[in-house]
Amino acid sequence: MDSDNPLGEFLRARREMISPGQNGLVWSGRRRTPGLRREEVAQSSGVSTDYYARLEQGREKHPSAQVVHALARALTLNPEETAYLHQLARTAHGPVPRGGGVAVAPSLLRLMDGWLHTPALILDRRLDVLAGNRLGRALFAGMLEQGETNLVRFTFLNPAARDFYPDWERVARSGLGALRAGSGDLVNDPRLTELVGELSLKSAEFRTLWARHDVRGKAHEVKSFNHHQVGELTLAYDSFTIASATDQQLVVYQAEPGSVSQQALALLGTVAADLPALPPVSLSDSAATSEAMTTAAPCSSSRTSTATGRT
């Protein structure tokens, strides 16, 4: 995803971002390098300095689960960062089984489309929008109507994103953290590699933030929007993993009852009423999804979505 040494790059990035005080080490005087030294991480983890150096350099790619746990403790990783580190370590041993390339279930599409007051999207781990109900597609119409369905690409490469997201920097950081959290075992995925490569080439801000290796899953967050048709909305979202397709997440947005945002969402519902019931499904590596694309009702915009996305 970044190189042929994602485990080493993550360890180095997190080591350079933690101070000795955070690690519980006592130190004084000036330091020539940011963060912890390799020998300090090795000592705190109970491994030799040479072994830890080999991990960072990519000369050793098979740490045990016990070593990974000790490294996470030494680097004061949070639970999401720790899970991501374990993913990278397992990937070093070989491919990790996963349920990719599964089409969005028609029953789930029908369920979502019955939610007339609640925007909902189906996302994959690359932060691609796979599907959405009427209100969800109306909320993100400024992106989808341009033929863009990748939320990270939209955030960093489309100037309209800075108007759509009033707190653009927080959204950008949150999106990249979620992309990291969901893609630890997709390091050899060509579509993810292409996405990261394109964004790294075209956006200096993406390169800077991506190099931090922040990890933050999508679970619950309050987010502000500036919609081109109904104005400002403040919505809380909750994210749920779909048991029958664990690479997919259902993201559901809600407004505070009685708020101005709820009124704006109701107004957006009048726009959403004109959209077709079943949305098209974006590109996927599965034949099942390709079949779904040919049978789904066409989108009301002039261009059908064919890319990949998330919030």
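**Helix packing and sheet architecture**

In helix α1, the buried residues are Pro6, Leu7, Gly8, Glu9, Phe10, Leu11, Ala13, Arg14 and Arg15. The model is predicted. Helix α1 spans residues 6-16, and nine of its 11 residues are buried, so this helix is largely enclosed by the rest of the structure.

A helix pair was examined next. Helix α3 (residues 38-45) packs with helix α5 (residues 65-74) at an angle of about 120°. Their axes lie 8 Å apart. The angle makes α3 oblique to α5. The crossing of α3 past α5 is right-handed. On the α3 side, Val41, Ser44 and Ser45 make the contact.

The strands were then considered. An open sheet is formed by five strands in the order β2-β1-β5-β4-β3. Pairing in the sheet is antiparallel. Strands β2 (129-132) and β3 (220-227) are the edges, each pairing on one side only. From one strand to the next, the twist averages 30°. Strand β1 (residues 120-124) pairs with β2 in the antiparallel sense over three bridges. Leucine 123 has valine 129 of β2 as its bridge partner.

Helix α7 (residues 106-113) packs on the sheet and touches β1, β2, β4 (231-242) and β5 (245-255). The direction of α7 makes about 145° with that of β1. Helix α15 (residues 260-272) also packs on the sheet, where it touches β3, β4 and β5. The direction of α15 makes about 80° with that of β4.

How values were computed. Residues are numbered from 1 along each chain as its sequence is written. This is a predicted model: local features need pLDDT of at least 70, side-chain atom pairs count only at pLDDT 80 or more; totals for chains, interfaces and linings use all residues. Side-chain values use heavy atoms; hydrogens and water are left out. Axes are lines fitted to C-alpha atoms, for helices over the stretch in contact, and angles run from 0 to 180 degrees between N-to-C directions. Helices (H or I, at least four residues) and strands (E, at least two) are DSSP runs, numbered from the N terminus. Angles under 35 degrees count as roughly parallel, over 145 as roughly antiparallel, 65 to 115 as roughly perpendicular and the rest as oblique. A crossing is left-handed if the near helix is turned anticlockwise from the far one by less than a right angle, and right-handed if clockwise. Contact means heavy atoms within 4.5 Å. Buried means under 20% relative accessible area, exposed over 50%, partly exposed in between (1.4 Å probe, protein chains only). Two strands pair if DSSP finds at least two bridges between them.
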